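This report covers one structure, shown below.

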Amino acid sequence: MTHDGSDEPEDAALREVWRDVLRRDPHQEFFHADVRGVLRSIGPVLLEHPEYADVVGRLCEPERVIVFRVPWVDDGGRVRVNRGFRVQFNSALGPYKGGLRFAPSVDLDVIKFLGFEQVFKNALTGQDIGGGKGGADVDPKELSTGELMRFCQSFATELASHVGAAVDVPAGDMGVGSREIGWIYGQYQRLIGYHEPGAFTGKPAVLGGSALRPEATGFGTVYFTRRMLAEQGRDLDGARVVVSGSGNVALFAMDKVVASGGTVVGCSDSRGSVSEPEGIDVDLLREVKGQRGSVADYAEKRSGAEASDGSPFTLECDVALPCATQNEIGPDEARALVDHGCWAVAEGANGPVTPKAREILREAGIGFGPGKAANSGGVAVSALEMQQNAGRERWRGEDVDERLQAIMSDAYDRVRDAAERYHGDPTDLENGANAAGFLRVAEAMTSLGVV
Ligand SMILES: NC(=O)C1=CN([C@@H]2O[C@H](COP(=O)(O)OP(=O)(O)OC[C@H]3O[C@@H](n4cnc5c(N)ncnc54)[C@H](O)[C@@H]3O)[C@@H](O)[C@H]2O)C=CC1
Ligand SMILES: O=C(O)CCC(=O)C(=O)O
């Protein structure tokens, strides 16, 4: 991505921040795109709160960036090395909080983008958590179970010096589920020599993991979507829904869509997509994926399902929930959604809709739920896990679900109210999420002095 000046903020102070961001790290395109979106949204907030103007430059600079070597030995006895990251972006509201991603595409740009996103997302939950993110440039699919455990232990050996229940609390993200968090926490516990379950969330239940944490991001995305649709006088009952991906977030989003009366007509994985107008059988898909199969393997088992190499977002649908990875919906997919009369798009994944695609959706009047708000259910239940661990409690799934629904509903209200107040349009949830998240973090940073 090149910056030719056309995307510069009009406000002089914001323009200076933007130029600093570009100058410091000229090649971090994902991070730039996210910062640019936020700077676009907060101009009107600064008119009302000029006292927050000098927060913006600090907010765009992570408090700490940790990059480390992850050495490990593969099954053939060969020494391998990967690169690990933890970006501790902002701790004004509480301990850094955010997931760990294991994927070949992980680099500092991706982790900074995700960490920046997390600062605002966590603020929108209304809980006392700062923002951070981490991961490693490893493809867990290529490792045996033993290799992956050794990898996690090596990763945790360095990470251990930087995290803790009151410092920084990692969780899972792409490629990292409760099994990996259990292994990472296990190594952490051996190193520190005592139990500190609140140092990681998304743990297996037996180690103090919260009920409903695996489901929380997918369920929360659907709860948020239901609020968006209600605002349009619609609901998911009878709606045709495309959910991209078939991992943690996607599968639980599909469960909740079906429970809400919708039909999941398409989904995908990194190898392709599948369409099934009568509705994907989510239990069968989960079984196939659990055996390391692909969506194409799923399609082979179902007479009404058709596999393809293309994007699932070219299928006809009423609602689109991108739940796989960043940049899944570009201009072509956005135009296809518009042409098919789609009502709403909500981001279960982080950054799946490109800025250009968002513009196309906005111009067509399609509801858009930004990931900062729409997928905040996962981290929200992580914060509830921290609370349970601190109090040595275990809450029932129904109780966690009730809290999750309330948190998603409050997040929706916060975002809608800020959209109306600062952008004059209650449906402009993207600007609303950035404005509302900024307000909470800026107030905390200002209250702490110059931090
Ligand atoms: N796990 C969580 O609690 C949260 C996850 N997220 C975001 O949700 C997204 C999915 O995360 P998880 O479900 O946890 O990961 P996962 O590893 O369980 O699943 C990822 C899915 O995306 C698919 N995928 C990967 N690259 C792809 C590509 N280039 N094209 C199409 N599909 C692709 C994979 O095949 C897999 O089905 C990520 O953007 C993540 O950052 C956001 C909030 C919380
Ligand atoms: O549960 C958490 O702490 C982090 C979840 C996450 O990585 C995300 O919201 O993107």
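A hairpin of two residues connects β7 to β8. Strands are DSSP runs of E, at least two residues long, and helices are runs of H or I, at least four, both numbered from the N terminus. β7 and β8 (residues 272-275) run antiparallel, joined by four bridges. Two strands count as paired if DSSP finds at least two bridges between them. Gly266 faces Ser275 of β8.

β8 also pairs with β9 (residues 306-308), antiparallel, over three bridges. There Ser275 has Glu306 of β9 as its bridge partner.

## Basis of the model

The model is predicted: local features need pLDDT of at least 70, side-chain atom pairs count only at pLDDT 80 or more, and totals for chains, interfaces and linings use all residues. Residues are numbered from 1 along each chain as its sequence is written, while chains are lettered from A and ligands numbered from 1 in the order in which they are written.

## Ligand 1

Ligand 1 is surrounded by 22 residues (C-beta atom, placed from the backbone, within 6 Å). The closest are Gly247, Asp269, Ala324, Ala349 and Gly378. β7 (263-269) and α8 (248-259) each supply at least two residues. α8 gives the most, three.

Domain 2 (64-196) and domain 3 (215-369) each contribute at least three residues; the bounds come from an automatic or database domain assignment. The shell has six nonpolar, 14 polar and two charged residues.

## Ligand 2

Around ligand 2 there are 13 residues, the closest being Gly99, Ala171, Asp173, Val379 and Ser382. β3 (96-102), α4 (108-124) and α14 (377-390) each give two or more.

Technical notes: Ala, Val, Leu, Ile, Met, Phe, Trp, Tyr, Cys and Pro count as nonpolar, Asp, Glu, Lys and Arg as charged, and the others, Gly among them, as polar.
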